[in-house]
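Have a look at it first, then read on.

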Amino acid sequence: MPGSTGILAPGLTTFKRSVRSKGVSVESSIDNLISLLKRRQIRDSRPCAIATAHLLRRVVETFKITDISRLIDRVQQIGQRLISAQPRELTTGNIVRRVLGVIREEVEEDREGEISGYSDAGTDSRPQTPREQDSRAPDYSALFPRSLTSSLLRHGEMDSKLEEIGDGRPQRPPLLTSQTSYAVTNTAPTVTSMFSLLSHPRSNVPSPTATPGSQSPGIHLSLTSQALANAGAVKDLKAEVVEGIQEILEELNQADDQIAGYALEHIHSNEVILTHTSSVTVQKFLLKAAARRKFTVVHAEAYPNNHEATHASVIGKAKGEPDDDLGSEVFQKTLTAAGVTVVLVPDSAVFALMSRVNKVILDTHAVLVNGDIVAAAGAKAIAKAAKLHCTPVVVLSGVYKLSPVYPFDPDALMENGDPSKVISYEDGDFVDKVEIENPLFDYVPVELVSLYITNLGGHAPSYLHCIIDDHYCAEDVDLDKSNAYR
């Protein structure tokens, strides 16, 4: 049999290759991602977000945009299917909402361009000299001189016109009688009383407050050409949306480095930092601070789901998953090689050491709209111990992990792992008599968190909802509802 060394297991890498292939249809890519999510062959926040962004970019590239509401409905339907396939991966829904926000933003900019085009079409864009501006602008101050107003009110006559004399000074018009002509000269604008407005025909002189649609026929032609020019911009909408999705992908790739850029602001010399799990985000954050600071790290091993990866990261043999973008990324040096003292402790020793800890730094799986977080199992015990010892808890999270979903049922976000990691199946007599649960996540309330650090900087828990409001549209919070663009 031929060797299978070159065959990759189904995962993020194989999915990215298939979704870029022109021989694979969009529906096949959607079904493939749904299958990978259900079988947990793509898991964790960042891989799920990357896979969703690549899929939606392919959907937009192949979609024929004739009606923007159809594109929004299409993205919403795909988002509903992905969320139903794996509801616990909140970043999948977050990326779908971000893409919907990009589409709505591009449409709003297109509409604003049309409105500005209409307003510009009704005016002369040719630069004018001061003399032309004086001659073309109506002199409203000369329309109603004091003597004219008092004379008209005294005689009961409300309809008049203003005659200009050679030197430009206004002159009182004669009193109007039944024999007086109402002919309007071209040298002065017509003044019409509001009491007789309906009895007078509409003048052809454009009003300063008139809408563009009520101008002369010549201006109608310019508006039509402007509308046709703006209609051609719809063809560029697809390229703008694809560019927006590409910016989201770049954000996903740069989030950890951007978070690490704030390390020197929060880690100081001679501090004792406690962390949990083998998070790449936390490792980069600590390595960035280790370049200029000397501190000590107490590393909880996160048994039984992450202890092997934690041990490997401490001794410098950490490797990413074969289907992850980080698979080829191995840290150039460990924390110990960077001059940091690392103490690896079991989870049971966290409470005893918390009195000596200056700061707790945790990674997160998801951050909800009320500030509660979903983190690796063991994070809640660490956060409670830190709360009791008045130790600040800092949570590192990319903006793509911030979810607008409110946790009405926190238990629905929890997930159990392989129970054999706790009790081996070889202990058959014991396993048959007990029910064993191996939770993968903990639900940590916002009261136990002191600060959130995202790729936009540090934020207090009370400010978190403002960031979420800036990145998601209110129409897209509930993807179960079909919200066509209005």
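## Salt bridges

Arg74 and Glu27 form a salt bridge (a side-chain nitrogen of Lys or Arg within 4 Å of a carboxyl oxygen of Asp or Glu), with the closest N and O atoms 2.8 Å apart. Arg74 sits in helix 4 (residues 68–85) and Glu27 in helix 2 (residues 26–38), so the pair ties together parts 47 residues apart in sequence. Helices here are DSSP runs of H or I, at least four residues, numbered from the N terminus. Together with Asp31 and Arg81, these two residues make up a network of salt bridges.

Asp476 also pairs with Arg104, again with 2.8 Å between the closest N and O atoms. Asp476 lies in the segment after helix 16 (464–471) and Arg104 in helix 5, so parts 372 residues apart get tied together. Both Asp476 and Arg104 are buried (under 20% relative accessible area; exposed is over 50%, partly exposed in between, with a 1.4 Å probe and protein chains only). The salt-bridge count comes to 11.

## An aromatic pair

By the ring rule (Phe, Tyr and Trp, the last by its six-membered ring, with centres within 6.5 Å; planes under 30 degrees apart are stacked, over 60 edge-to-face, the rest tilted), there's one aromatic pair. The Tyr406 and Phe408 ring centres are 4.9 Å apart with planes at 55 degrees, so the pair is tilted. Phe408 is exposed at 75%, while Tyr406 is partly exposed at 44%.

## About the model

This is a predicted model, where local features need pLDDT of at least 70 and side-chain atom pairs 80 or more, while totals for chains, interfaces and linings use all residues. Residues are numbered from 1 along each chain as its sequence is written, and side-chain values use heavy atoms, leaving out hydrogens and water.

Definitions and conventions
Helix = DSSP H or I, 4+ residues; strand = E, 2+ residues; numbered from the N terminus.
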